[in-house]
Amino acid sequence: MTHRDSLASISDDQLFAAVQHLTARSNVALADLLAHLGEVERRGVHRLRACASLYTYCIYELRLSEDAAFRRSKAARLVREYPELHDAIAKGEIHLTGVLMIGPHLGGERHAEILRRARFRSKRELLRLLAEIDPTPEVPALVEPIGPAPAGLATHGALVQALAGPVRELPPGRRPEDWIATSAEHTPRNDEAEVGSADAGEPADAAEQQKALRYRVQFTASQEFVDLLEEASNLIGHETPRATLPEIQVRALRALVQELRARRRSATRMNPPPAPLQATAPAPVPVQASAPAPARTLHVGPAPAPATAPAPARALHVGPASALATPARPGARHVPASVRREVFDRDGERCSYRDNRGERCRETSGLEVHHRHAHALGGPATLDNLELRCRPHNTLAAEQDFGRAYMDFSRGVTDGAAPERR
């Protein structure tokens with residue numbers, strides 16, 4: 001008898017009771033999952049699975065969707081910060097969406113009141129409650145794909161075909177269904193994990209990434225943004241009359257990315273300035289899943305000259321280096337620009353950390369030049385001793401070299417006397 005047949009044979013009352021029982025169990029499971037995810041992030045052990053953040057751990061290790069990963073990683077931090085949320089979720093007093101809605105309002109003078117009034121409310125009811133507590137919410141930042149540009153007669157079938165990609169397979173032991181029987185019995189060896197999974201979280205077909213989609217972008221802007229936008233529109237009016245907002249944004253982002261790319265790679269010269277705007281809208285800028293960078297003023301037009309050398313970074317990693325390609329002095333922390341460029345080219349502008357299964361971190365933002373043999377221990381600034389690391393995996397290496405207690409003290413996380421360095 002199949003599972004479907006067994007369900008068809010039960011009475012309506014039994015079906016209602018079973019659904020309620022399963023819902024109650026799922027509430028308890030969700031609360032426990034969030035608590036465990038919070039502990040994963042507190043310990044930082046997601047980095048041992050080649051994941052720079054809890055968000056990417058949920059995507060590539062737990063196989064959750066980006067939306068589910070974002071919601072659960074954010075809720076896990078709230079449950080860790082406010083432990084009373086665990087019992088409220090487990091008892092079904094508040095749902096996951098509700099936790100995320102009230103999260104920004106917790107911790108203040110009305111903390112207890114919000115928790116009490118949020119119990120057993122629907123999303124719509126919570127919106128009304130929060131509108132009363134905070135009557136001026138900001139427009140949430142949003143970047144949402146809306147499909148490729150229509151060509152001729154647009155049909156739903158054409159849209160589905162345009163978005164279709166290759167079928168992805170995962171090796172045995174990496175599929176969620178395998179975890180039920182094997183989670184406590186077997187961990188894939190390096191040779192097993194490498195079969196088809198070295199970059200299992202990446203697209204199997206590069207053509208899938210080349211399809212030009214359009215996106216709906218929404219965010220709350222400041223008065224400075226609006227003023228700069230109006231000035232930019234006036235300044236480029238002679239080049240492109242009636243320039244659209246996407247055209248101006250893309251041009252500004254091109255200039256910003258060009259400047260930041262040159263600074264990060266310690267380029268000694270800038271690339272040629274971007275071509276003038278055309279009448280048609282340029283291709284959309286790909287959107288990364290990583291957290292957004294801090295807001296800054298966008299420059300319209302040719303990018304400014306590279307910045308001068310910033311203050312030296314801490315001894316355990318090298319931050320953005322000067323654009324001057326001067327040779328490194330013995331014991332100096334500076335990495336020559338030519339060496340930095342070679343490191344970025346060799347590592348493909350991606351974190352080079354690999355876990356014990358051979359999985360490589362997928363992070364491409366916030367990269368730092370890492371000394372394999374720590375600089376503080378005499379490691380030289382040579383190509384063989386340098387590699388790219390994202391900040392979480394650079395920090396992990398420092399903890400492995402000097403001990404987590406020492407690093408926590410160095411970062412100001414703990415007080416008291418400085419612990420002994422390993």
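Modeller: Two strands pair if DSSP finds at least two bridges between them. Strands are DSSP runs of E with at least two residues, helices are runs of H or I with at least four, and both are numbered from the N terminus. This is a predicted model: local features need pLDDT of at least 70, side-chain atom pairs count only at pLDDT 80 or more, and totals for chains, interfaces and linings use all residues.

Colleague: What makes S3 and S4 a pair?

Modeller: Strand S3 (residues 367-371) and S4 share 5 bridges. The rule asks for at least two, so they pair. Their sense is antiparallel. Leucine 367 has cysteine 390 in S4 as its bridge partner. Histidine 371 is bridged to leucine 386 in S4.

Colleague: Why is strand S4 called largely enclosed?

Modeller: Start with the term. Buried means under 20% relative accessible area, exposed means over 50%, and partly exposed lies in between (1.4 Å probe, protein chains only). In S4 (residues 386-390), 5 of the 5 residues are buried, so the rest of the structure largely encloses this strand. Both faces are covered. Leu386, Leu388 and Cys390 lie on one side, with Glu387 and Arg389 on the other.

Colleague: How do you know that S3 is mostly covered?

Modeller: In S3, 5 of its 5 residues are buried. Leu367, Val369 and His371 point one way, and Glu368 and His370 point the other way.

Colleague: What makes a set of residues a nonpolar core?

Modeller: The members must be buried Ala, Val, Leu, Ile, Met, Phe, Trp, Tyr or Cys, joined through side-chain atoms within 4.5 Å. The largest such core here has 24 residues. Leu34, Leu85, Ile89, Ile94, Val99 and Ile102 touch the most other members. The elements that give two or more residues to this core include helix H2 (12-43), helix H5 (84-90) and helix H6 (96-102). H6 gives the most, with 5 residues. A second, separate core has 16 residues, among them Phe344, Leu367, Leu386 and Cys390. In soluble globular proteins, nonpolar side chains tend to be buried together.

Colleague: Which residues is valine 99 in contact with, leaving aside neighbours within four places in sequence?

Modeller: Contact means heavy atoms within 4.5 Å. On that rule, valine 99 meets Ala75, Leu78, Leu85, Ile89 and Ile94.

Colleague: Why is the pair of phenylalanine 219 and phenylalanine 225 called edge-to-face?

Modeller: Rings of Phe, Tyr and Trp (its six-membered ring) pair if their centres lie within 6.5 Å; planes under 30 degrees apart count as stacked, over 60 as edge-to-face and the rest as tilted. The structure holds 2 aromatic pairs. The rings of phenylalanine 219 and phenylalanine 225 have centres 5.4 Å apart and planes at 85 degrees, so this pair is edge-to-face. Phenylalanine 219 has 39% relative accessibility and counts as partly exposed. Phenylalanine 225, at 23%, is partly exposed too.

Colleague: Why is the pair of phenylalanine 402 and tyrosine 406 called tilted?

Modeller: Their ring centres are 6.3 Å apart and their planes meet at 40 degrees, so the pair is tilted. Phenylalanine 402 is buried at 1%. Tyrosine 406 is partly exposed at 24%.

Colleague: How do you know that arginine 362 lies over the face of tyrosine 60?

Modeller: A charge sits over a ring if NZ of Lys or CZ of Arg is within 6 Å of the ring centre and within 35 degrees of the ring normal. Arginine 362 lies over the face of tyrosine 60, at 3.8 Å from the ring centre.

Colleague: Is glycine 38 buried or exposed?

Modeller: Its relative accessible area is 2%, so glycine 38 is buried. Glycine 38 belongs to helix H2. Not counting residues up to four places away in sequence, glycine 38 touches Ala76 and Arg80.

Colleague: What sets alanine 50 apart in its phi?

Modeller: Alanine 50 has a positive phi of about 60 degrees although it is not a glycine. Alanine 50 sits in the loop between H2 and helix H3 (54-60). At 2% relative accessibility, alanine 50 counts as buried.

Terms used: Residues are numbered from 1 along each chain as its sequence is written. Side-chain values use heavy atoms; hydrogens and water are left out.
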